[in-house]
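Subject: Structure handover

Hi,

Here is the structure I promised to pass on. Please have it open while you read, as my notes follow below.

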Amino acid sequence: MFIKRTRSWELPERLATPEAVFLNRRALIGGAAALAAGSAFPGHPAFAAGEEPYPAARNAAYTLDRAVTPERFSADYNNFYEFGTAKTVLPAANALKTKPWTIKVDGLVEKPFETGVDDLIRKLGLEERLYRHRCVEAWSMAVPWTGFPLAKLLALAKPSAGAKYVRFETFLDRSMAPGQRTFYPWPYVEGLTMEEASNDLAFVVTGIYGKPLPNQFGAPIRLALPWKYGFKSIKSIVKVSFVAERPKTFWEGLGPSEYGFWANVNPAVSHPRWSQASERVLGTDQRVPTLLYNGYGEQVAGLYQGLDKERLFM
Ligand SMILES: Nc1nc2c(c(=O)[nH]1)N[C@H]1C(S)=C(S)[C@@H](COP(=O)(O)O)O[C@H]1N2
Ligand SMILES: [Mo]
């Protein structure tokens with residue numbers, strides 16, 4: 001008799017609803033008293049009763065070909081060099097102070113401004129999206145991010161015609177982040193072309209698993225760019241600048257031959273020191289084939305027409 005064994009990444013999404021989302025929904029239903037007191041997060045009444053933004057409605061347009069990675073695996077295996085080079089940065093990241101948090105929007109825009117994260121959430125709203133994430137180190141996960149399209153932030157910023165790139169910068173605070181006492185070219189900087197930043201997949205993230213981002217995931221606000229290697233998805237952003245020149249990114253500064261500006265996922269283009277053909281799925285013992293643009297080619301391949309001279313995949 002043939003018995004089909006369902007592999008973990010084939011679990012339908014409805015069987016993979018993360019525990020945290022489920023628990024959070026129950027908290028909302030059962031937690032009327034907490035809500036009446038002004039917030040589901042005691043001590044931080046940032047949102048009025050009834051305006052609590054988590055969990056946000058899931059945008060059904062973004063589906064997965066694999067199971068959601070359980071939080072217990074993704075939350076204890078992170079890259080956040082500001083807090084150390086090991087994957088276990090969770091305890092060190094407790095030192096990250098995320099309230100208050102201000103983001104500067106500047107450069108080639110109609111009018112530079114500063115905004116708090118909660119104000120931004122109130123203005124732009126939140127949705128949940130299931131995205132795959134592929135680290136350049138060949139591990140991967142699939143998670144429910146909460147946030148808003150980067151395009152909404154662009155519309156708010158009103159960049160001028162001269163803006164060709166968006167530059168993102170992480171906080172710089174050596175007293176808070178032990179990793180920043182090393183020789184690396186801090187602060188962490190990333191960049192996108194305006195066209196990439198306007199693509200619907202480019203997502204500004206403020207939450208995961210139906211709740212605000214835990215520190216180690218890059219609280220309180222980061223990017224998720226699922227067609228690119230994970231290092232493009234910059235964490236704990238304090239500045240968004242619209243610029244004419246291609247920004248020099250953190251990893252380009254460290255190793256330009258290994259970590260380029262474009263960094264689009266491509267299983268056929270090896271990293272100089274390892275293959276990118278397959279990936280290890282966090283929380284499983286599976287290796288699965290890596291897909292071109294991490295499976296998002298339909299949405300993003302058009303961005304790269306005519307750019308064949310660029311190192312698009314490194
Ligand atoms: N500021 C900052 N952003 C960062 C990093 C970092 O070290 N510092 N690491 C990057 C890398 S290599 C990856 S794979 C992802 C990891 O995100 P996760 O820890 O939420 O899985 O964050 C990216 N963003
Ligand atoms: Mo990464």
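First, a term for what follows: a polar contact is a pair of N or O atoms within 3.5 Å; within protein, one must be able to donate a hydrogen and the other to accept it, and residues adjacent in sequence count only if both atoms are side-chain atoms. One such pair has the side chain of S233 reaching the backbone nitrogen of L225 at 3.0 Å.

Some housekeeping before the rest. This is a predicted model, where local features need pLDDT of at least 70 and side-chain atom pairs count only at pLDDT 80 or more, while totals for chains, interfaces and linings use all residues. Residues are numbered from 1 along each chain as its sequence is written, chains are lettered from A and ligands numbered from 1 in the order in which they are written, and side-chain values use heavy atoms, with hydrogens and water left out.

Overall picture

The protein has nine helices and twelve strands; helices (H or I, at least four residues) and strands (E, at least two) are DSSP runs, numbered from the N terminus. Of its 314 residues, 51% count as buried, where buried means under 20% relative accessible area, exposed over 50% and partly exposed in between (1.4 Å probe, protein chains only). Among contacts (heavy atoms within 4.5 Å) between residues at least 6 apart in sequence, 71% join residues at least 24 apart.

The core

The largest nonpolar core holds 83 residues, and W145, L150, F168, I221, W227 and F242 touch the most other members. Strand β4 (residues 139-149) gives this core its largest share, six residues. By nonpolar core I mean a set of buried Ala, Val, Leu, Ile, Met, Phe, Trp, Tyr and Cys residues joined through side-chain atoms within 4.5 Å. Beyond its neighbours within four places in sequence, F168 has contacts that include L150, Y188, L192, L223 and I237.

Strands β5 and β6

These two strands pair in the antiparallel sense over five bridges; strands pair if DSSP finds at least two bridges between them. R167 stands opposite G191 in β6. In a regular strand the side chains alternate between the two faces of the sheet. In β6, V189, G191 and T193 point one way and E190 and L192 the other, and all are buried.

The loop between β5 and β6 carries R181, which is exposed at a relative accessible area of 53%. A polar atom of the R181 side chain lies 2.9 Å from the backbone oxygen of R174.

Annotated positions

For "binding site", an unreviewed UniProt entry lists N78, Y81, E82, C135, T170, R222, S233, I234 and K235; positions are in the numbering used here, feature names are shortened, and annotations may be inferred rather than shown by experiment. Leaving aside neighbours within four places in sequence, T170 is in contact with residues including E82, I234 and K235, while S233 touches R222, L223, A224 and L225.

One buried arginine

R129 sits in strand β3 (residues 127-134) and is buried, with a relative accessible area of 1%. A polar contact of 3.5 Å joins its side chain to that of Y62.

Best wishes
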